[in-house]
Amino acid sequence: MTFDMSSAKQDILEYCLRSMEYGLNFNTQGNISLRVPDQKNRFLITPTDLEYDKMTVDDIVLVDEDANVIEGRHEPSSEVTVHLAVYRRRPDVTAIVHTEPIFANVWGVIGEPITGTLVNMVIYTKGDVPIMPFALSNNTAFGDAMCDVMGDLNAVVWANHGLLTVGDNLRDAFKTSVAVESAAQVLLHARSITTSPALLEFEKLGITTSL
Ligand SMILES: [Zn+2]
């Protein structure tokens with residue numbers, strides 16, 4: 001199947017709107033990007049500082065590996081260099097979703113990983129979701145340090161900021177964001193009752209297929 005640029009932009013826009021609908025983002029928070037599979041070093045990403053409900057497909061920006069705008073009327077997201085660091089480090093990743101959901105952020109502020117509360121999260125993330133210590137996220141150094149923290153997992157929380165999930169398509173990356181936020185919420189409730197809730201470990205599930 002060949003890559004269709006306009007339907008890819010439409011997909012990005014739809015998942016941006018869904019991130020608002022699901023309460024993962026408010027205002028202009030978050031950003032979504034896609035690796036363009038049939039063009040080397042080309043990436044689609046949401047623009048900076050534009051409300052999702054005002055965004056159209058023509059507002060999605062095409063950039064190169066150095067964040068230069070190749071096509072588009074806006075500047076890319078201020079976190080574009082973080083996305084590009086992930087694409088450099090993780091050839092398996094085709095889509096990235098960054099959101100700023102409440103419950104994942106609780107664990108970021110506490111500085112504790114989101115452990116295996118729900119089976120779907122563990123399958124999608126491939127393990128406990130680690131916490132990247134706070135730093136400003138508009139630069140490559142943050143992206144590289146965050147990739148070190150995330151390793152081969154599919155999710156990482158940025159302390160005092162938000163959540164980043166990856167996948168080999170946008171649907172999977174988005175599903176992972178939703179799963180992490182659900183698990184973060186359940187874990188918070190569980191930990192308010194007991195210090196030792198029942199938790200799952202990815203390695204012990206015996207999952208051999210991908211998402
Ligand atoms: Zn953010």
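Strand β1, residues 31–35, and strand β2, residues 42–45, run antiparallel and are joined by three bridges. This is a predicted model, in which local features need pLDDT of at least 70, side-chain atom pairs count only at pLDDT 80 or more, and totals for chains, interfaces and linings use all residues. Residues are numbered from 1 along each chain as its sequence is written. On terms: helices (H or I, at least four residues) and strands (E, at least two) are DSSP runs, numbered from the N terminus. Two strands pair if DSSP finds at least two bridges between them.

Back to β1 and β2. Ser 33 stands opposite Ile 45 in β2. The hairpin of these strands has six residues between them, and there Asn 41 takes a positive phi near 55°.

What does β2 pair with besides this? Strand β3, residues 61–64, pairs with β2 over four bridges, in the antiparallel sense. Arg 42 has Asp 64 in β3 as its bridge partner.

Now β1 again, and its pairing with β5. Four bridges join the two, which run antiparallel, and Ile 32 stands opposite Val 97 in β5. β5 is also joined to strand β8, residues 162–167, by five bridges, again running antiparallel. There, His 98 stands opposite Leu 164 in β8.

Is β5 buried or exposed? Strand β5, residues 95–99, is mostly covered, with five of its five residues buried. Buried is a residue with 20 or more other C-beta atoms within 10 Å of its own, the C-beta atoms being placed from the backbone; exposed is 12 or fewer, and partly exposed is in between. Ala 95, Val 97 and Thr 99 point one way from the strand, Ile 96 and His 98 the other way, and all are buried.

Last, the helices. Helix α2, residues 80–89, and helix α5, residues 140–150, pack at an angle of about 45° with their axes 8 Å apart. Axes here are lines fitted to C-alpha atoms over the stretch in contact, and angles run from 0 to 180 degrees between N-to-C directions. α2 and α5 are therefore oblique to each other; under 35 degrees counts as roughly parallel, over 145 as roughly antiparallel, 65 to 115 as roughly perpendicular, and the rest as oblique.

Which residues make the contact, meaning C-beta atoms placed from the backbone and within 7 Å? Among them are Leu 84 and Arg 89 of α2, and Phe 142 and Asp 144 of α5.

Definitions and conventions
Contact = placed C-beta atoms within 7 Å.
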